[in-house]
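Please look through the sequence and the structure shown here before reading on. The briefing that comes after them is written for a reader new to both.

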Amino acid sequence: MQDIPPTEFAPTWKWWLPPNYSSYGEEIDTLYYWIFWITMVTFVLVEGALVWFCFKYRRDPARKAIYTHGNHRLEVLWTVIPAVILVALGVLSSSTWAKIKNQADPNYPTEFQTTVRIVAQQFAWNVTYPGADGRFDTDDDFTKKNALNVPYEPTDAEGNTLREENVRIMLSSMDVIHSFFCPVLRLKQDAVPGYVGNVWFDARKRPTSPGPDRQYFTDDDEVYEVACAELCGLGHWQMRMQLKALPRDVFDEWVARESAEAKAAAAARPAGNSGK
Amino acid sequence: MSTPAPAPAAHGPVAAPPDAAAHGHAAAHGHAAAHGHHEMSFLRKYVFSTDHKVIGLQYLFSCLFTFLIGGLLALMVRWQIAWPAGAPPTEAQVQALRDQGLEGEELRKAEARIDNDRPFPILGEFLWGEHLTPDEVAAGKESRPGRFGDNNGMMPAEWYNVAFTMHASVMIFLVIIPILTGAFGNFLIPLQIGAKDMAFPFLNGLSYWTWLGGMLTLLASFFVDPQGLSAGAGWTSYPPLAGVVSPSAGPGQTLWCIGVIFIGTSSIMGSMNYLTTIVNLRAPGMTLFRMPLTTWAAFITSILQLFATPVLSSAMAMMLFDRHMGTSFFRPGGLLFNDVPVPGAGGGQVILWQHIFWFYSHPAVYIMILPAMGMVSDVIAVWSRKPIFGYRPMVYATSAIAGLGFVVWGHHMFQSGMNPVLGTTFMISTIMIALPSAVKVFNWIGTLWGGQITFSPALLFALGFVSMFVIGGLSGIYMANAPFDIFIHDTYFIVAHIHYVLFTGSVMGIFAGIYHWFPKMFGRHMNDLWGKWHFWLTFIFMNGVFFPMHITGLGGYPRRYASFRGYNFLEPYAGMNEFMTWCALGLGAAQIIFFVNFLRGIFAGPRVTSDNPWHANSLEWSTPTPPGHNNWPGPVPTVHHGPYEYSRPGLQEDYAPQWVPMPKAAARAPAGTAEGAHEGPAAAR
């Protein structure tokens, strides 16, 4: 990916890509603009030729149609040129893909500062935090419905990351397939029953790409919307989750408070009933 | 009328007696006059027929009927997207209330009494009960329940799922595949290769009746649930949503699986028949590389169908077993529906279904476009009076699309949790498929270059196909790019892509085919002017419906959402949704022109005055019009050269029918194209 120079073209037109807040989202957007310009040029040339020929060679009894069965050299040319462009595009894209999805890739994050477990169901997201001890399936775990809080990555004035804040989600489903989709993080992953998938992202406070001046957020600039992107039944469209990005200290404080409450509630329960 | 002057009757081995050609509405009419052998009963001749032309027309009429159903479902889907229940008062309405001096609690009460919900015209109240305003409800008015229960006339979210599921199922299984392979394949293959009928005429009839059984089963699924809940898990029917009996997937889903098995069986029978026919029954002199591209496309499509469809049928059988016989192919352990364990579930793989399903359904996408590409090639050659530019490259490109079509299915599963290394593989193979598609587009444009282009309705639709297929193909590059697909997967971008390929692509190709071969099918002409109106309105409105979907998709608008209300990032698209719906209504209305023109053409269109009204070269134009039983009254014609000898120097006419030997003056082809006449563009080397 590093080989592709970023394009300067990033319109703030209302009907365009939403703003992006994740590090790999930037690379995805760069790929998008490359594809956009390649396809736009192709589109104009091809449709232009089509319309021009239709106009120029409209029926005219004074003329005879050209008799030809084709041209071998042209065929080779218009096979090879697109092939080179497209394969180059594919090869360049594969490193971004591997970085986002392939855990065996060297560029896949090695460290995750935050890990949560999300179990989707008809029609809600159950988000479980390991609590203050950082371990799952202990008494201080706590679960929130349709609310995901994560720490954001602090950046300096130029937008450089000061400290990594990688978030890992262990994603699964208890009934049908759902799909975790957060447009402003450029993240989508199916939640599949019978299988736990790992996904990761990092969220930043400021967008890495200017977006349209449209209301993408709910309360303030750090609440993103998460939607379900895989048909899951009659309430498919209602699986809306709020993803809130907080400063690290606020996040830690919140986790400490919630897990203390969970621990107290667990202690208050009669023995032999862990509440799980 | 922009049609060329009628051809002199000199071409063609036999000109049928005019009155035999004249009877319009059923292909086999010409039969009695053409040659009188044994008489058949009406049932054998027109209903349980084994004549490929009658079967082709049966498919055509059935598919045009289901096209209406699929279109109606599409309009209901669009209506729901634009105007879902629970529309809030508009700003103007609120302002009007404020102007009356209302505020606070009073204002809220008054706002609650505003009713902006719009039930789908006529059907909404028929299906989901009388629509009452809040005032009428407050006054204690009793609403009249509808056929599918009482929902104040508005479509419930679960029925919306049914609407788009059945829209896709109907359009794919009951319209596009059968009209391309069943109607055009049946009608054209034997005529174009010079066969008196299919290799297995009885199997051919059986294939239609099996398909019809599937069609009735699919449509019956609307009537097995008190709320009219047919299959509602998407046409892809991903388990566990579709694989477990639940309110979301009741008896309608079961009937859906059975219907698809019927249709798959019909496809397998049809494709075997076409393959055997094309391999064995070609007329003398009809080498493979003298076949028109329509037949080539049908040939390659049949190979796809024969290898892919059994996989679909077995997938459907496995799903039926899962649903009703306790197997667990697609049901993993620990499955909880509404917190209750699903009995018998365990050990299955959810993603296995996706692999099996897309192993059929991706090739199916090419089953739905290759035949249209073939027909469009023929239409462009005839109406621009030019040989196909790069005939052999066209054949190779079609084969390459078909071959690659079997190794790209994983691009539907980039976000499914499939091994990401496979994602890279499928991305590269998917990108490769853009190449043969591009080659075809370039060759069509090359065919137009230097032609004598007549803008008949058939050619307009063919041009519409080419220009819109370019958009569908280019948006495919976005989808194929795995990293960018993370963002646009399952958004309206893919809805735009599939409709640019299947509606503005395949359906335009189908219309081109109907306008082009109508005179041969029915012995009469459709009205050209109406055809042009039909084209332009369709062209404008379909872009109005489908182009904005790219934009909503780019904004991340997820597909299959019954409502956008409650999402901050979706609310701004409300206006665009309404615009697309208005265009969809216009698109639907434009098809009325077609249906009127089509029916009028069959019963009252001007009769053809020639067996070859378009001055075309391929063999179907050498038959009596419409062709009788056995197609040619005498022996089948002998083929002398390729099908695209248009505007060949040395000829008086600008065409050279395949069944007429090349006159001496033109037999020696001009330099540089010497062998072109006989073996395609080998000469170009």
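Predicted model: local features only at pLDDT ≥ 70, side-chain atom pairs only at ≥ 80, totals over all residues.

Residues are numbered from 1 along each chain as its sequence is written, and chains are lettered from A and ligands numbered from 1 in the order in which they are written. Helices (H or I, at least four residues) and strands (E, at least two) are DSSP runs, numbered from the N terminus, and two strands pair if DSSP finds at least two bridges between them.

**Chain B as a whole**

- Chain B contains 24 helices and two strands, and its radius of gyration, 27 Å, is close to the 26 Å that the globule rule gives for 685 residues, so the chain is as compact as a globular protein of that length. The radius of gyration is taken over C-alpha atoms, and the globule rule is 2.2 Å times the number of residues to the power 0.38.
- Along its principal axes, the C-alpha trace of chain B spans about 95 × 60 × 55 Å.
- Of the 685 residues in chain B, 61% are buried, where a residue is buried if 20 or more other C-beta atoms lie within 10 Å of its own, exposed if 12 or fewer, and partly exposed in between, with C-beta atoms placed from the backbone.
- Among the contacts in chain B with a separation of 6 or more, 77% are between residues 24 or more positions apart; two residues are in contact if their C-beta atoms, placed from the backbone, lie within 7 Å.

**Helix α17 of chain B**

- The 15 residues of helix α17(B), residues 434–448, should span 21 Å at 1.5 Å a residue, which agrees with its end C-alpha atoms being 21 Å apart. The expected span of a helix is 1.5 Å times one less than its number of residues.
- Because 15 of the 15 residues of α17(B) are buried, the helix is largely enclosed by the rest of the structure.
- B:G446 lies in helix α17 of chain B and is buried, with 23 other C-beta atoms within 10 Å.
- Not counting residues up to four places away in sequence, B:G446 touches A:G70, B:F389 and B:G390; the C-alpha atoms of B:G446 and B:G390 are separated by 8.4 Å, although these residues are 56 residues apart along the chain.
- Just after α17(B), B:G450 takes a positive phi of about 75°.

**The sheet β3-β2-β1-β5-β8 of chain A**

- Five strands of chain A form this open sheet, in which the pairing is mixed. The strands β3 (142–145) and β8 (197–201) of chain A stand at the edges, each with a single partner strand, so one side of each is left without a neighbour in the sheet.
- Strand β2(A), residues 124–129, runs antiparallel to β3(A) and is joined to it by four bridges, and A:T128 stands opposite A:T143 in β3(A).

**The sheet β4-β10-β9-β6-β7 of chain A**

- This open sheet of chain A also has five strands and mixed pairing. At its edges stand β4 (147–151) and β7 (187–191) of chain A, each with a single partner strand, so one side of each is left without a neighbour in the sheet.
- Strand β6(A), residues 178–182, pairs with β7(A) in the antiparallel sense over five bridges, and A:S179 stands opposite A:D190 in β7(A).
- Strands β6(A) and β9(A) pair in the antiparallel sense over two bridges, with A:F180 opposite A:C228 in β9(A).
- Four bridges join β9(A) to β10(A), and these strands run antiparallel; here A:V223 stands opposite A:K244 in β10(A).
- Strand β9(A) is mostly covered, as five of its six residues are buried.

**The contact between the chains**

- The contact takes 82 residues from chain A and 91 residues from chain B.
- On the side of chain A that touches chain B, the elements giving two or more residues are α1 (23–56), α2 (72–101), β6, β7 and β9 (223–228) of chain A, and the largest share, 16 residues, comes from α2(A).
- By class, this side of chain A has 43 nonpolar, 22 polar and 17 charged residues. Ala, Val, Leu, Ile, Met, Phe, Trp, Tyr, Cys and Pro count as nonpolar, Asp, Glu, Lys and Arg as charged, and the others, Gly among them, as polar.
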